[in-house]
Amino acid sequence: MARKVRSIVLTGNGTNCEREMAHACRLAGSDEVDIVHISELLYGEKRLDDYEFLNLPGGFLDGDDLGSAKAGANRLIHAGIRESSEKLSDQFFRFIRDGKLVLGVCNGFQLMVKLGLLPAFDGDYLKQTATLTFNDSGRFEDRWVYLNILRDTPCVFTRDIERMYLPVRHGEGKFVAKNRSVLRRLHLQGQVVVRYSDAKCLDAVMEYPLNPNGATDAVAGICDETGRLFGLMPHPEAYLHRTNHPRWTRENLPEEGMGLAVFRNAVDFIRSPEF
Amino acid sequence: MVNRIEVGFRKGVRDAMGEKVRRRIIENLHLDVEDVRTVDVYTIEGNLRKRELTAAARGPLSDPIIQRHAVNRGLAEGFDWLIEVGFRPGVTDNVGKTAREAIELLLGGRRGGRSINVYTSRQYIIRGGIGREEAERIASGLLANDLIEHYDIVSGRDWNPAKGMPAHVPRVMGEDDIRVEEIDLRVSEGELLEISNRRVLALSLGEMEAIRDYFRSEAVLQERRAFGLGERITDVELESLAQTWSEHCKHKIFNSRIAYAEEAGQSIVIDSLFDTFIKGSTREIREKMGDEDWCLSVFVDNAGVIKFNEDHNLVFKVETHNSPSALDPYGGALTGIVGVNRDPFGTGKGARLIFNTDVFCFATPFYDRPLPKRILHPRRIYEGVREGVEHGGNKSGIPTVNGCIVFDDRFLGKPLVYCGTGGIMPARLDGEPTHTKDIRAGDVIVMTGGRIGKDGIHGATFSSEELHEGSPVTAVQIGDPITQKKMTDFLLVARDRNLYRAITDNGAGGLSSSVGEMARLPGGCEIDLQKAPLKYAGLQPWEILLSEAQERMTLAVDPRKVDAFIILAEKMGVEATVLGRFTDSGKFHVLYGEKTVACLDMAFLHDGVPQLELRATWAAPCHEEPGFPVPADPGKALKTMLSRLNICSKESVVRQYDHEVQGGSVVKPLVGAMNDGPGDAAVIRPLLDSFEGIVVANGICPRYSDIDTYHMAACAIDEAVRNTIAVGGSLGRIAGLDNFCWCDPVQSEKTPDGEYKLAQLVRANQALYDYTRAYGVPCISGKDSMKNDYQIEDTKISIPPTLLFSTIGKMDDVRKAMTMDAKAAGHLIYVLGDTYPELGGSEWFAMNGWVGNEVPKVDAERAKKLYSALSRAIDAGVVASCHDCSDGGLAVALAETAFSGGFGMAVDLACVPAQNIDRDDYLLFSESQSRFVVTIAPEAKDVFESMLQGNTFAEIGEVLVEPVFIVKGMGGEKIIEEDIYALKEAWQKPLRF
């Protein structure tokens, strides 16, 4: 019998895309999908160990008051589990060590990068080597973007996906690497997975608004070296049905939205012997 | 001990915020500066070691990849001017609060025993050849709002980075002694009014006298003695009464008795506009629906409730936050949106919030005349309001699905900031309906969410007055969307576990209003203000009771469930405090500790306000008939029209609002080939596993008030309904909200034309009654804001009377929704509905400097027939695009249809159904109501035309593959030939900032 896939969508302190993300996990075929408030983890009522697929949804953790997801990252590192010697971060790192899947979208991606979960060279998941900062425009924007997906990547979430068209909805989405060598290594190791592109989803672009935030090398999403941790600024959970597409009333579109494939890949991978 | 941590960007890292500020300095203030950089400052009070400060700076407070930090020294270097902007004492500092929590967690949690406070400020480091005077202008005119912020300016020449800026702690210095003042009302009339004015009570002489008389009753005095109260009224009591009786809360004008007379003769007496026209219409519509009635809760709760399907109800409310937004646009608007969020959230058992809708009315952002005293530049109001709503809506995770911006220079004195929110709730919980409130004596009063501070004191009474010299600055608040989000996350869990009996929000009037209103159900309450959690010490009892500090809900909790409720709150990181209990004593009883500080009869508190008696006199204004020639170049005229502020694209604002979060967006505010056409209304799908949808639309046309508010209101209602039909909605399941924003309509020395303004109000209500019934669109809730005037010294500015009519409609299958963009070349173009020479109050007349008299009029019976036919055609799938004609008329609707679709079009005005029109420009720009531009595929022609049979419609042209917009005039000659991208550019350019 195929392995059960249990998905957790972690919420609280300002996340706001948890419902559609859970819906995506369900449509993708997860056997169980739980929206779990972080307090349930901190009170020991729920444990990450009971899941295979962790979803970190978009939103404004703590209002992004200290910079996007900064206070959220601080909480994940320092918060302890009640009546236990364990810290929340212990559960996180065990989850990662076990080879389970983590997907961070928008604020979830910002959280992963600022924690050091991405790109995490040499398996060092505590060292921040990149960041997501204010869009060059200096403003929050909601707009749909064309995305080119790299093929030569370990990322398990984007297998067989060549292109996507998804909305970005952020004010701090500009990807910046610590230095050139980090950037070079990201490309070399196939960790740059998603790039803002032209309307054909072929060539990466730096021009606004196709590249909505001025991201270095048009980076929109990256994975870790195992390909099991993946984060991106655009919202795959925002395009699950054709009526989500901004031009669905004028284009012939398949019933299923393009974003669902990301979640289906995750669920299928967990069911596969590779997991 | 006080320390400062500064965080700035590393060299070579782009500072997008600094660049944005630089652009604004150049664009708004016309000052040339070379460069602006920003530095965030955290001023930390408390005993922290050097090592700990560095850990905080390095950890949560800065990003090591792009930022650097300094402790107790200055980061800035090589500048001409440094401006540091921080909050004044007591102003909500959301970032400071988050920083405090993060540092406490870093240092081992709050239980570590050390308490710290964090205050934030921001430095703007400017390079450029400007002097101190210009730096002052940048500080006061752009960066800091003097009401809530203070600033320091340092010249680069005087700068010592080793010392940096001195630490400044904006701590609230409160008095420690608790005082309850007693006020003697046995004084002269003049002194009574003086008491009302001095305390910002906004009570009239009649009302002050009613209060005085209540305190003369021997029965009342005897009861007071039993509670240890004297013969004089306490400040707690007086403030509670003023708040409860405020225009804002009691709608005294809408409930007044009005003698209305028309010049021509008609003369009637209206006992409450609200009962007669608004509730009256809804009552009649509901009676007519009989068993099919889908209204569930109207006019009794914080928001209206209708049925969505068997298992879910919809909740909708729109509010205004005009006066606070005039003083502090950012904080006022932010508070407006997070405030209205709490209305559906505090209705019945509470609804999950699913959409926001915002409508703003401003003066032109390009205003270039001297500004009257205390008025901020309209551009600053525009940017501030936009940003406040952005932060409030986006951070709450609620999509802003539609809205609009209306411009008229009379909104200079008070901008209008309408914020609306819809919610969805399960129809039943544990088998009990969720749309009603049930509170029993003995239920515990619990307050949850944020703490109480001095913010927002006198908001309710302040907004019941015009903006004047003495308008209190304490009325200004800044909302905190994340505290509210945490609270609503918690309360939705508590609701689903059925841990409370009823919920309401703390808005205007604070606890006084929330507890006072709830106490009406069981018939009394007893609360102890000493138990209320405060932001800082030093609040007097009346301030605790009246404070409008945000992000708080009040609940009635079954005593058996209180423990479970409090435990859940604590777990989810939300404060919840028991303040007292509901009773059936008939008393509004307030204690501070053991001592009674207020005890009023519930009946007097809620029903003691005397009914106003007012006169209204209608004399139809007569404007000079316009006389200007037909434009020589109608194409150029069209471009100028497309660039009018009321017509042009609002994309730059729309894009900054998240309109898709929650995953149910179907028709977005921006549609068409390039995702930039103007959607007529929003369609959303609130339940992701269903295709049932909601249509959200609005109508607003204040310009028509210059001629006749009756038709202004009729047109607003028609516009909302028309927009609903245009996107695929249908008559039969549309509910409305009426939001009146008026200028003071009470005749007085200050308002010599009060009788006319009141007549305008009467007429708008008459139209509301007539047209909501005609369309079968019941109002389910609403609001009025009656004092939208500005009066300082000799300058008085009154807004044009404005009705925002917002609707929420049910759509059975969102896959049939429609958008306004032309879909393919070769499609046929139709105009539906008749065009009359109705240009009174139109954009075309306004552009030419006229008002006119022929205001558009709505023929509801004909419109209804057309709307039904069009809905059926859209449902049958024979329509390719549908766009309503509104501001700018047919020409604007056609042009928008063309350029949004990325196609050209050729139309012939001779084919347009019209009555008595002999000028091409009148046909192009008339604003006759109930009209649409529709395109269809040629093969659908027969079916479409047969479905529209019996209505006025005509085929007028064809969609072209070439991007050219061609119009043939009534005389048969070509009068317009324009590139659609040139038209689009004219439409997009004005507000692209």
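Is F366(B) buried, partly exposed or exposed? This is a predicted model, and in it F366(B) has a relative accessibility of 44%. Buried would need under 20% and exposed over 50%, so F366(B) counts as partly exposed.

Now its partner. Across all chains there are 36 aromatic pairs. One of them joins F366(B) to F993(B), edge-to-face, with 6.1 Å from centre to centre and 80° between the planes. F993(B), at 16% relative accessibility, counts as buried. Both rings belong to one aromatic cluster, together with F360(B), F362(B), Y382(B) and F407(B).

A second pair is F628(B) with F845(B), also edge-to-face, at 5.9 Å between centres and 85° between planes. Here 217 residues separate the partners, with F628(B) in the loop between β26 and α20 and F845(B) in helix α24 of chain B. F628(B) is buried at 11%, and F845(B) is buried at 4%.

Next, charges over rings. R773(B) lies over the face of Y769(B), 4.0 Å from the ring centre. K810(B) has its charged end over the ring of F308(B), at 5.1 Å from the centre.

Last, a serine. S513(B) is in helix α16 of chain B, which covers residues 510-518. Its relative accessibility is 18%, so S513(B) counts as buried. Leaving out residues up to four places away in sequence, S513(B) touches Q243(B) and A508(B).

Definitions and conventions:
Residues numbered from 1 in each chain as written. Chains lettered and ligands numbered in written order. Predicted model: local features only at pLDDT ≥ 70, side-chain atom pairs only at ≥ 80, totals over all residues. Heavy atoms only, no water. Helix = DSSP H or I, 4+ residues; strand = E, 2+ residues; numbered from the N terminus. Buried < 20%, exposed > 50% of the residue type's maximum accessible area, 1.4 Å probe, protein only. Contact = heavy atoms within 4.5 Å. Phe/Tyr/Trp six-rings, centres within 6.5 Å; stacked < 30°, edge-to-face > 60°. Lys NZ or Arg CZ within 6 Å of the ring centre and 35° of its normal.
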